[in-house]
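Trainee: I have the structure open and would like to go through it piece by piece. Could we begin with a single residue and widen the view from there?

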Amino acid sequence: MSTITPLKDRDALSTWAADLKTERASGAPVVIRVSMGTCGIAAKTTPVLEALQSEIRSQQKESQIEIVQTGCMGLCHSEPTIEVYDRQTQQSIFYGNVKPEQAPTLIREESSQAFGVDVLTQNWYRPEETDADVETAQARIVLRNTGRIDPESIADYVGTQGYAALANVVTTMQPDEVTQTMIDAGLRGRGGGGFPTGVKWQFAAKQPAGEKYVICNADEGDPGAFMDRAVLEGDPHAVLEAMAISGFAIGAAQGVVYIRAEYPLAIERLELAIQQARDCGLLGTNILGSGFDFDIELKYGAGAFVCGEETALIHSIEGLRGEPIFKPPFPAVEGLWEKPTIVNNVETLANICAIMRRGAKWFRQIGTEKCPGTKVFALAGKVKRVGLVEVPMGTTLRDIIFGVGQGIANDRAFKAVQTGGPSGGCLKTEDLDTPIDYESLRALGSMMGSGGMIVMDEDDCMVNIAKYFLEFTLDESCGRCTPCRIGNKRLHEMLVKVCSGRADMRTLEKLRQLSDTIKDTSLCGLGQTSPNPVLSTLRQFRREYLDHVMNHKCTAGVCSALVRYDINERCVGCTLCARNCPVSCITGAPKEHHEIDQERCIKCGVCQQACKFHAVDKH
Amino acid sequence: MLSADTKPRRTSGVRADSGLLNALHALQAEHGYVPRQEAMALSRRLGVPLARIFEVLTFYSYFRLEEPGRITLSVCDGTSCHLQEGPVLLKAIQALLGIGAGEATPDGAYQLNVVRCLGCCSCSPVLMVDDKIYSQVDPADLPGILKKHPPTAPKEAN
C-alpha cells in the first residue's frame, strides 16, 4: 500500500497525499477507530478489536467498514473506547465500555446510534482542521491525530497533511524565517518552564555553524502525567517531523529522542516511525531533494526524574549519571558533546507542525496573549471523567474539572486540585475561576508543570499529599547539591512528625523557613521547586496542619498514625472481619465480641467494609 | 565566576561512553538484572572503568543489581493511586508475602516493586503482575490474584 521508494521532492509528497485522499474518499464509508494506547490495552481493548474484526469478516462488510487502531482518545474513564465515524456526514459518535459480545450489533448496525452501548459523547473535541463552532471546551492541536490515525502507518500521517510542514520549510524557507515564525507564534515550552521556544532556537541558531543537536525530551517522569506518552503512542511522526524542522532552523543534522524505558509501546512505535520516515526519504540525507540532512536516534532513560532537567538529560545521553549542572552556559550554547543543543519537550514539538502549516497569526488566536496555544492535561484523581484533555490556554480550572471532567466522583465535595506534580502546588475552590497560564498558576503558588492535574475531594489529607510529593523528590534528588539532598530529607522528617501528631507549632514555622531556603539555594529546577507542595498546602490549608499539630487529628482520616479502628458493642461475632483482614490481626471466638490488635493493624479499613452490622468504628 | 569545583562535569568527550546506558539496558533485558560478571565484561569491551559503570548503574533506579523474583508484582504509587488506597494495598501485599518493597520472597517466587505511575489513572489503585494489569484492587482480592499467578519453578542453572 505505502510506497517504499524514497520521495525525491516536495511534489512527490503532495502527489502521494492527494492519492491517499482519493483512495480514502472511495474507501469504506464507515470507520471504526479503536483506542489502543497502553491504558486501552490494559483495559482489555484487544478482545474488542478482535471481535470487531472477526464480525466484519463473517458479515462480509470489509468494503463498508474500515477498522483503524489508534492511540489514546483521552476517554480513559470508559475504556475500551471506540469511535464510529461516518465519512459522508463527517459525524462521529464515541462509545465507551464496549464489550466483545456487542461487536455483532455494532457491525450490523454500522453508523446507527442504537447499539445498546454507552454513548459517551459526540463532540468530544474540536479537531484542529475545523474552525467550526463546536460546543466543547476542547480544541486539539497537539492531540490532533492522537486517537484518529493509525500511529503505525506513515500513510495515515501523510494523509492528514503529515510532513507537509517539513516539505514547505526545507524547500521554500530560510532557517531564520523558521525561527522568526516560532518567535512570532509565541509558543512556550510545555515541559513546565514556559520558556519561549523560538528564542531558544535563536540562541542555538546564532552559534557558529558546525555540529549541533536537537533533543526531544520524552522522559516523562511526573507521577500522574501521561500526555507525552499518549502523543508518542498516538502520533509519533508529528514529533519526528517537528524535530527535523527544528534541526533545519538551528542547523543541526542529528536529533536524539531521550525516552523513558518504562514506555515500551511508545518506543516500539517511535522506532517503527523512524524507520518508515527513513524509507520514505523524510529522514536521512538530502530530504526531499533540498540538500538538508537530518536523522534521529533513540536513547533510553532509566528511571531518574531529574533527567527531565536539560543538563541532566544531556549527561545521561552521554552515558553519565544524570546530574544537572549550573547554567550558564546554556545547552543552546554548550550542550551535548559541548555542542549547541536545543532540548524540547514532546508536547512542545507536537505544536510545531501546525504552526508551520497555518502560521504564527493563526496560532496566536488560540489561548491568551502571553500564552498562545493549548495545553494538554492528564486529568485524574477523584473526578468523574478521568482522561486526557486539551484546552486553550486561559481556560478556567472550573471548565476543565466540572466541564470536561464532569465534576467529582461519588458525590463527594471538591477540596483541591494539584497541578505541576512534585514541583507544583494545590489550589482551592476559590481559585477555580482563574484562567490557566504559566503566570497565573505561579502567582497562586503552583505551577503549570508538565500537565498532571489531580483532583482531590474531602477524603484527601493535604498534609499527607505534601508528604507524598516530598517522598518522591527525596527519592529522585540526585544528591549533587546540599539544599536538595539534605534539606528535603529534613523537610520530610518534619512532615512525618506532623502526620503522626508529634509536631508542635515551631515545626510549622521551621517547615516554612527551610522550604524557603531550599527554594533559594538549590542548583536545579528539581530542588528549587521541591518545597512547593509543602508551601502551597501550608498556606492554603493551614487549618489542616493545625488540626494535626494541636488536636492530633487527621480530619480526612488518612494519616494512619492518627486513625484507629475499633470494634463496638454491635459485634455479633460473625468472624467476617477476621476472615477478611489481610494481616490477621482480628481475634475472637465465633459468636463472641472481636478485638483488633492495634499494634499489627495496618488501618486498611477492610474490616469496616466487610462488617454487615456497622460494628467497626473509625476514629 | 565558577570555581574549579563547580565547573561543569562535562565528559572528556569520550563518545564511546554514550553507548553505556543502552548496553546496560540490553543486559538487563537479557538477564532480568545486571550481573556483576557481565558488567565486568562490558567494562573490558567498552574500555570504561568498572567503577564508572557502577556509578551509572546505582544512579538509575531502573537497573537492578540482584536477581529479581520470578513473578513481579508492581504496585502503582502514582498520585492518583496514592490518593485511592494504593498505600493500603502495598501494606497488605507486604504483610501477605512478608517482604518489603524492592525485595523478593526467600524462595525467589515473587518480586515486589513500587512503581511511579503506570499511566492507568482511571483504574486506581493498580497492581501489575508481570505484564497484566489489575484495576481497582481491594486488599481482599489479593489471595485470589496470587492464586492466578502460582509460583513457578526456578530456571535450571546452566
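Mentor: Let us begin with Ile71(B), which is found in strand β1 of chain B. Please keep in mind that this is a predicted model.

Trainee: How does Ile71(B) count: buried, partly exposed or exposed?

Mentor: Ile71(B) counts as partly exposed, because it has 19 C-beta neighbours inside 10 Å and a buried residue would need 20 or more.

Trainee: Which residues does Ile71(B) touch, leaving aside those up to four places away in sequence?

Mentor: Ile71(B) touches Ala109(B), Tyr110(B), Gln111(B), Val129(B), Asp130(B), His149(B) and Thr152(B).

Trainee: Which way do β1(B) and β3(B) run, parallel or antiparallel?

Mentor: Strand β1 (residues 71-76) and strand β3 (residues 110-115) of chain B run parallel and are joined by six bridges. Within this pairing, Ser74(B) stands opposite Asn113(B) in β3(B).

Trainee: What about β2(B) and β3(B)?

Mentor: Strand β2 (residues 103-104) of chain B runs antiparallel to β3(B), and two bridges join them. Here Glu103(B) stands opposite Leu112(B). The two strands form a hairpin with five residues between them, and Gly108(B) in the turn has a positive phi of about 75°.

Trainee: Zooming out, how many helices and strands are there in chain B?

Mentor: Chain B has six helices and five strands. Their order from the N terminus is α-α-α-β-α-α-β-β-β-β-α. Chain B has 158 residues, of which 31% count as buried. Among its contacts with a separation of 6 or more, 59% are between residues 24 or more positions apart.

Trainee: How many residues does each chain bring to the contact between A and B?

Mentor: Chain A gives 41 residues and chain B gives 43. On the side of chain A that touches chain B, at least two residues each come from α2 (38-42), β8, α12 (310-317), β10 (374-381) and β14 (452-457). By class, that side of chain A has 25 nonpolar, 10 polar and six charged residues.

Trainee: You mentioned β10 and β14 of chain A. What is the strand order of their sheet?

Mentor: They belong to an open sheet of five strands in the order β11-β10-β14-β12-β13 (chain A), with mixed pairing. The edge strands are β11 (387-392) and β13 (425-427) of chain A, each of which pairs on one side only. On average, neighbouring strands of this sheet are turned by 30° against each other, direction ignored.

Trainee: And in which sense do β12(A) and β14(A) pair?

Mentor: Strand β12 (residues 414-419) of chain A pairs with β14(A) in the antiparallel sense over five bridges. Val417(A) has Val455(A) in β14(A) as its bridge partner.

Trainee: Changing topic to helices: at what angle do α7(A) and α13(A) cross?

Mentor: The axes of α7 (residues 175-185) and α13 (residues 346-364) of chain A cross at roughly 35° and come within 8 Å. The crossing is left-handed. From α7(A), the contact uses Thr181(A), Met182(A), Asp184(A) and Ala185(A), while α13(A) provides Ile355(A), Met356(A), Ala360(A), Phe363(A) and Arg364(A). These residues divide into six nonpolar, one polar and two charged.

Trainee: What is the span of α11(A), and which of its residues are buried?

Mentor: Helix α11 (residues 264-279) of chain A has 16 residues and reaches 23 Å from first C-alpha to last, close to the expected 22 Å. Its buried residues are Ala266(A), Ile267(A), Arg269(A), Leu270(A), Ala273(A), Ile274(A), Gln276(A) and Ala277(A). They pack against α5 (154-158), α9 (227-234), α10 (236-250), β7 (254-259) and β8 (295-300) of chain A. Just after this helix, Gly281(A) takes a positive phi of about 75°.

How values were computed. Residues are numbered from 1 along each chain as its sequence is written. Chains are lettered from A and ligands numbered from 1 in the order in which they are written. This is a predicted model: local features need pLDDT of at least 70, side-chain atom pairs count only at pLDDT 80 or more; totals for chains, interfaces and linings use all residues. Helices (H or I, at least four residues) and strands (E, at least two) are DSSP runs, numbered from the N terminus. The expected span of a helix is 1.5 Å times one less than its number of residues. A residue is buried if 20 or more other C-beta atoms lie within 10 Å of its own, exposed if 12 or fewer, and partly exposed in between; C-beta atoms are placed from the backbone. Two residues are in contact if their C-beta atoms, placed from the backbone, lie within 7 Å. Ala, Val, Leu, Ile, Met, Phe, Trp, Tyr, Cys and Pro count as nonpolar, Asp, Glu, Lys and Arg as charged, and the others, Gly among them, as polar. Axes are lines fitted to C-alpha atoms, for helices over the stretch in contact, and angles run from 0 to 180 degrees between N-to-C directions. A crossing is left-handed if the near helix is turned anticlockwise from the far one by less than a right angle, and right-handed if clockwise. Two strands pair if DSSP finds at least two bridges between them.
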